[in-house]
Every structure is written in structure tokens, then in C-alpha cells.
Amino acid sequence: MNSKDFLDIDAISAARLSRLQDRGLRRFLSPTDRLVDGRVIRAGQSMISFSDNDYLGLSLHPKVIDAAIQATLQYGAGSGASRLVTGDNPLNETLEAKLARMKGLPAARVFGSGYLANAGAIPALVGAGDLIVMDELCHASMHAGARLSGARIQSFSHNDVASASQYLQERDATSHALLLTETVFSMDGDLAPLDELATAARETGAWMMTDDAHGLGIVAQNNPAPLQLGTLSKAAGAYGGYIAGPTNFIDLLISRARTFVYATGLPPGVLAAALAALTLMESEPELGRRSLANARLFGSLIGQDNVQSAIVPVLYGEAEVAMRASTTLAQQGFLVTAIRPPTVPEGTARLRFTFSARHKEEDIRRLSKLVLETLAEAGIGK
Ligand SMILES: Cc1ncc(COP(=O)(O)O)c(C=O)c1O
């Protein structure tokens, strides 16, 4: 190692960190025990988390945990290599068949994560000379996949179907066009107008792909998109990503999605946990209903009557104001992390509350009172 290079990297990184710190954008990790009994312990304090995406509580479900243990005992802790290299653990195929059936599409492919699924599937579909038209609030992993594809990217204003349609109409008819949206937006919790977007895509001969990371198990929208991507790390309580769609495209991913070919397969315990969680999701639909009802209760208590998913954002504007509100809630035993730019647009820093089937009404009521107090303190009206 050249010690000058080492010092350069460190000095430049220190300057970058300091600039982030000055702008209130430096991020820190907080050691936290997320315990199987549902408690979260941080700095010795027991808290209730309203900040995770385990919407159905399935990551803590005894059957899911047991499935992970049994598969780990049978197959080991890791999968050894890419699915193409080491041989495909049969749990992958079972999981893919289940996902395809749940999505009502012919086939599905499992990836190492939702991020990897987006980063692999989009470039396998479109490339240089093609056009991607995407909602401006699409997740970072969709943006990553779009950029990796080399296609021209056109973002449309959030949920603005007319603008999406306009961009699609301007496409070069000899190339491919792909319309991208989330089903449930991860930072706002609102829903995409899927039918209208699908019509715009159909009218212009474009393909459409959705990211259902925050919808699965909670929001049962009719989704007309032929390509439906998602993650197993949220309501499915485990880890991994997937995309469902036409059989030949799903087959093509084995050869052309670089994040599939050149990445190690998911650990067997994770595959088994995801399978067990999806089984519970299907057999106990009341879990999703409870999560949604909890979010709606909170929304009604703080004056938001249009809650459509398990995600309820409360906007504080500036990053420091959101951070202060988060600290106040933490002092009262509620873990609600502030979401700041660049994750959300400048001036829209927020607390993003997520609701689980496990949350209790009394806690939601206490939380809502505190939230109203933090808003009043920040001078923000209802
Ligand atoms: C909309 C959306 N897509 C994709 C991802 C990435 O999924 P994963 O965490 O499985 O990589 C996330 C969240 O992390 C997300 O919110």
C-alpha cells in the first residue's frame, strides 16, 4: 500500500464528511437491538419501532424463524456461489413458483435483494438508444438500474400521467420504451395510478414495470403491468428481491442480468424464511388489514385522512427540524427515524411512520399526541 494514497483518501473523505455535516446531511449508524419479542433497545432504552418495513411482523414470527433454522441446519449458512455456479438450491425454484402465482404472472426470478433486482432487470430489458420514462419519486435502485442500462432517462412529475404519456409519445418509434413506477411510494405512502399509466404505456407501445416493495401483503391493487418487481425484505420479513413477468424474459435474466449472474445466491435460511412468510401472508390476510388499519388510525389522529398504505409521512421541512422531532419521540420511547435529502427532495425532510400488524392502539394514540406536539413546537399547522 502506498501510504500517500491512503492519507489522500482519508483527508478527502474527512473534508467530504465535514461538508455533509455542515449541511446536516451526514448519516450515522445507531447500534440497536431489534429483539424477537418486538422490543427495540437503543442506548439501553427500550423503544417501540415505527420505523421498519416489517409490516406484518413476519421477521419475528416463530414459523418464519423456525424455517430459517431448519434450512440452515440442512444446507448451511451460505449458498456458496452464484446460482449458476454452485447449482441452484431447490428452495429458489419453489420460491419463484410461489411468487409467480401470487403475482398472477407466468414466471418469477429471485435476486439477492430488491436493489439488485432493479439494477439487473432494467438493463436486461432496455439499453442505449432506448427510452426510460420514470416517476421522479422512484426508488434509488430503479434509478440505478435505469442509469446502468444506458437508455435515455426522462423523469415525470410524481404520478402525473399526462406528463408520462407526453414523454412516451415523443419516443423514437424504432427503439424500446419502458415506463417505471412504484405501486406504493416508499417515502410518501401514496399509490400510483396504475391503470392510467398502463393505458399510456399501451397506447404508445411502451413496456411497463412496477416496484411493489411496499405493496406486497398490504395493498391489493389490481396491477396491469407485465413486469412486477419487489422485495422479500419488507412485508415478507426476510431478504431478497424478485421480478415476475413473461416466461422468456424471466429466463433471459439468468443469462443477461449481471446482478444475477455475478452475485451469490441467497442463503438457504433466507429463502426458507421468505417462503414461510409468504405462506403466512396468504393464510392470514388479516395481518395486512391490521397494518393498514393501524396506519389509518394514526392518520386520522393527526389529521391525515387519506392514508393509503402502511406508510404515513409527516413533513417537517428542514432536516434539523425533523431530526429534533425524531429525538423528542425517541426520548418518549418511539423509534421514528428522520428521512432527509437526498433520500427525499430538499425542504421535505420528514418523519416516516410505518405501521405493523403488531402495533397496539394505545401506543399509536400516545404517539399521535406526541407528534402533534412536535408539529406545534415546530410551528407547523395540521
Ligand atoms: C421501492 C423500493 N424498491 C427497492 C428497494 C430495495 O429493496 P431491498 O431492500 O430488498 O434491496 C426498496 C427498499 O429498500 C424500496 O423501498
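This is a predicted model: local features need pLDDT of at least 70, side-chain atom pairs count only at pLDDT 80 or more; totals for chains, interfaces and linings use all residues.
The largest pocket holds about 1200 Å³ of space. Its lining is made of 46 residues, and those closest to the centre are Arg27, Ser51, Thr337, Ala338 and Ile339. Several elements each supply at least two residues of this lining: strand 3 (45-49), helix 5 (114-125), strand 9 (227-231), helix 13 (319-331), strand 12 (334-335) and strand 13 (338-339). Helix 13 gives the largest share, with 4 residues. Sorted by class, the lining of the largest pocket has 20 polar, 17 nonpolar and 9 charged residues.

In the lining of the second largest pocket, 15 residues are nonpolar, 9 are polar and 6 are charged. Domain 1 and domain 2 each contribute at least three residues to the lining of the second largest pocket.

The next topic is the ligand. It is surrounded by 14 residues, of which the closest are Gly114, Asp211, His214, Thr231 and Lys234. For Lys234, an N or O atom in the side chain is 2.9 Å from an oxygen atom of the ligand. Ser113 also has a side-chain N or O atom 3.5 Å from an oxygen atom of the ligand. Taken alone, the ligand exposes 380 Å², and the protein buries 86% of that area.

Rolling a probe the size of a water molecule over the atoms shows where empty space is left. How many cavities of 30 Å³ or more does a search of the whole structure find? The search finds 1. The volume of the largest cavity is about 80 Å³. Its lining consists of Arg83, Asn92, Val110, Phe111, Gly112, Thr259, Phe260, Ala263, Thr264, Gly265 and Leu266. Strand 4 (107-111) and helix 10 (258-261) are the elements that give two or more residues to this lining. By class, the cavity lining has 5 nonpolar, 5 polar and 1 charged residues.

Between Pro341 and Pro342 the peptide bond is cis, with omega near 10°. Pro342 is located in the loop between strand 13 and strand 14 (349-354). Strand 13 is also one of the elements that supply at least two residues to the lining of the largest pocket. The other feature concerns Ala43, a residue other than glycine with a positive phi, near 50°. Ala43 lies in the loop between strand 2 (40-42) and strand 3. Strand 3, like strand 13, supplies at least two residues of the lining of the largest pocket.

Conventions: Residues are numbered from 1 along each chain as its sequence is written. Side-chain values use heavy atoms; hydrogens and water are left out. On a 1 Å grid over the protein atoms alone, a cavity is a set of points where a 1.4 Å probe fits but cannot get out, and a pocket is an open set with protein on both sides within 12 Å along at least five of seven lines; lining residues have an atom within 4 Å of a point. Grid points are joined across faces, edges and corners, and a volume is the space filled by probe spheres set on the points. Ala, Val, Leu, Ile, Met, Phe, Trp, Tyr, Cys and Pro count as nonpolar, Asp, Glu, Lys and Arg as charged, and the others, Gly among them, as polar. Domain bounds come from an automatic or database domain assignment. A residue is near a molecule or strand if one of its heavy atoms lies within 4 Å of it. A polar contact is a pair of N or O atoms within 3.5 Å; within protein, one must be able to donate a hydrogen and the other to accept it, and residues adjacent in sequence count only if both atoms are side-chain atoms. Accessible areas come from the Shrake-Rupley method with a 1.4 Å probe; for residues, only the protein chains shown count as cover.
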